[in-house]
Amino acid sequence: MKINFREISRGIFKENPTFVLFLGLCPTLGVTTSAVNGIAMGLATLFVLILSNVIISMIKNLIPSKIRIPAYIMVIATLVTVLELSMKAYFPSLYEVLGIFIPLIVVNCIILGRAESYASKNSILNSMFDGIGNGLGFTLSLTVIGSIREILGSGKLFGLSIVDKLFDPAMIFILPPGAFITIGVLVAIINKYKQKGSR
Amino acid sequence: MDLGKLIGIIISSILINNFIFSRFLGLCPFMGVSKKIESSLGMGMAVTFVMTLASSVTWIVNRYVLIPNGLEYLQTITFILIIASLVQFVEMATEKFSPNLYKALGVFLPLITTNCAVLGVAIINIKEEYSFVESMASGFAGAVGFTLALVILAGIRERLEYSDVPVSFKGIGIAFITAGILAMAFYGL
């Protein structure tokens, strides 16, 4: 099996779902109060994204094009239910923290977007790599946002205290307004680099 | 029926637990259609309509179909199916009976299926163990809060078009910062 790095890296950098395409914003802002939550949410989405891409790519010729969207949603909803039940059983504390955002993976636009624009047109293997790439891109963004908010908001990273006496953590960054401001500044920084690159 | 609790649910869904600013639900349309006041009002109305309807239908199905048969684990699948067909139905009904309304809301309706606020409110209603009327109130008030947030941001973004924003912040960056400041106001910081 040849690993298709191009398909993988595209989802992580060039077409990063969060910072370039602005998809799946609700969990991006909702659960990233700490780095661990960001990773967990990212991996949960990665799981659903890989499987949904593979399954949809497998059955793409069986679905009449008129009802393809409802069919995709059913596939995704089934996978999310599987994820929900297994998380409840094996990681109850994580399930508590992520709460409503686990069932809401169903309506994460990244997953439906990849199904419609990629998996329905490409081979099973490439769809899998596309799923891995986009899932990792999403996980990476969530982890970055989560880390920044955790450091600024509670002075910790992955639960370890790291900025002890450097500054007083500003609570606002783990509250909802901090989420908007963090991602706004990150987007501006990325834009800055893009402008430099294009000049 | 406890009127006090009902009023509490309505006020908290509109302001304190605002769907956008404190629950982070429905952010994709929030950033996507908040460029003009007109389109954000249209989107808000369509969401209000579907969310109120979805809250009541999902409540009925959950109470009289899922719970008696011990099928609660199928909640996510059932709810998304209900919402998707409801949106389709509303689209067909408005197209047939009120072409004017369809013209105003038509473009927004297909987007609503993947608006997480709709599925979100259905799940919250079940989690909070709301009664039928309370569920409807929470759906309606949640959507009103959503519309309020959308229209306020659209108003600000319309003015931002003409103001001197640093180049890197232009567009979505400044919209996020604005939303952050609005969230502070809603949060009462």
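A:Tyr118 lies in helix α6 (residues 109-119) of chain A; helices here are DSSP runs of H or I with at least four residues, numbered from the N terminus. A:Tyr118 has a relative accessible area of 7% and is therefore buried, where buried means under 20% relative accessible area, exposed over 50% and partly exposed in between, with a 1.4 Å probe and protein chains only. This is a predicted model, in which local features need pLDDT of at least 70 and side-chain atom pairs count only at pLDDT 80 or more, while totals for chains, interfaces and linings use all residues. Residues are numbered from 1 along each chain as its sequence is written, chains are lettered from A and ligands numbered from 1 in the order in which they are written, and side-chain values use heavy atoms, with hydrogens and water left out.

- Not counting residues up to four places away in sequence, A:Tyr118 touches A:Glu7, A:Arg10, A:Gly113, A:Asn126, A:Ser127 and A:Asp130; contact means heavy atoms within 4.5 Å.
- A:Tyr118 and A:Ile56 are 62 residues apart along the chain, and their C-alpha atoms are separated by 9.8 Å.
- A:Ile132 belongs to helix α7 (residues 124-154) of chain A and is partly exposed, with a relative accessible area of 21%.
- Beyond four places in sequence, A:Ile132 touches A:Ile8, A:Leu46 and A:Ile50.
- The C-alpha atom of A:Ile132 is separated by 9.4 Å from that of A:Asn53, and these two residues are 79 residues apart along the chain.
- A:Thr81 sits in helix α4 of chain A and counts as buried at 6% relative accessibility.
- The contacts of A:Thr81, not counting residues up to four places away in sequence, are B:Tyr73, B:Thr76 and B:Ile77.

- Helix α3 (residues 35-58) of chain A has 24 residues, which at 1.5 Å a residue should span 34 Å; the end C-alpha atoms are 35 Å apart, in agreement. The expected span is 1.5 Å times one less than the number of residues.
- Of the 24 residues of α3(A), 17 are buried, so this helix is largely enclosed by the rest of the structure.
- α3(A) packs against helix α4 (residues 68-90) of chain A at an angle of about 140 degrees, with the axes 10 Å apart. Axes are lines fitted to C-alpha atoms, for helices over the stretch in contact, and angles run from 0 to 180 degrees between N-to-C directions.
- α3(A) and α4(A) are therefore oblique to each other; angles under 35 degrees count as roughly parallel, over 145 as roughly antiparallel, 65 to 115 as roughly perpendicular and the rest as oblique.
- The crossing of α3(A) and α4(A) is right-handed, that is, the near helix is turned clockwise from the far one by less than a right angle, anticlockwise being left-handed.
- Among the residues making this contact are A:Phe47, A:Leu51 and A:Ile55 of α3(A), and A:Tyr72, A:Ile76 and A:Leu79 of α4(A).
- The contact of α3(A) with α4(A) has twelve nonpolar, one polar and no charged residues. Ala, Val, Leu, Ile, Met, Phe, Trp, Tyr, Cys and Pro count as nonpolar, Asp, Glu, Lys and Arg as charged, and the others, Gly among them, as polar.

**Helix α4 of chain B and its two partners**

- The axes of helix α3 (residues 37-66) of chain B and α4(B) come within 10 Å and cross at roughly 135 degrees, in a right-handed crossing.
- Residues of α3(B) including B:Phe49, B:Leu53 and B:Val57 meet residues of α4(B) including B:Phe79, B:Ile83 and B:Leu86.
- By class, the contact of α3(B) with α4(B) has 13 nonpolar, four polar and no charged residues.
- Helix α4 (residues 75-97) of chain B and helix α7 (residues 116-127) of chain B also have axes that come within 10 Å and cross at roughly 135 degrees; this crossing is right-handed.
- B:Gln75, B:Phe79, B:Ile80 and B:Ile83 of α4(B) meet B:Val118, B:Leu119, B:Ala122, B:Ile123 and B:Ile126 of α7(B).
- The residues of the contact of α4(B) with α7(B) comprise eight nonpolar, one polar and no charged.

**Positive phi in loops of chain B**

- B:Phe24, a residue other than glycine, has a positive phi near 55 degrees.
- B:Phe24 is in the loop between α1 (3-16) and α2 (27-32) of chain B and is buried, with a relative accessible area of 4%.
- B:Glu129, also not a glycine, has a positive phi near 55 degrees.
- B:Glu129 is in the loop between α7 and α8 (132-160) of chain B and is exposed, with a relative accessible area of 67%.

Key. Helix = DSSP H or I, 4+ residues; strand = E, 2+ residues; numbered from the N terminus.
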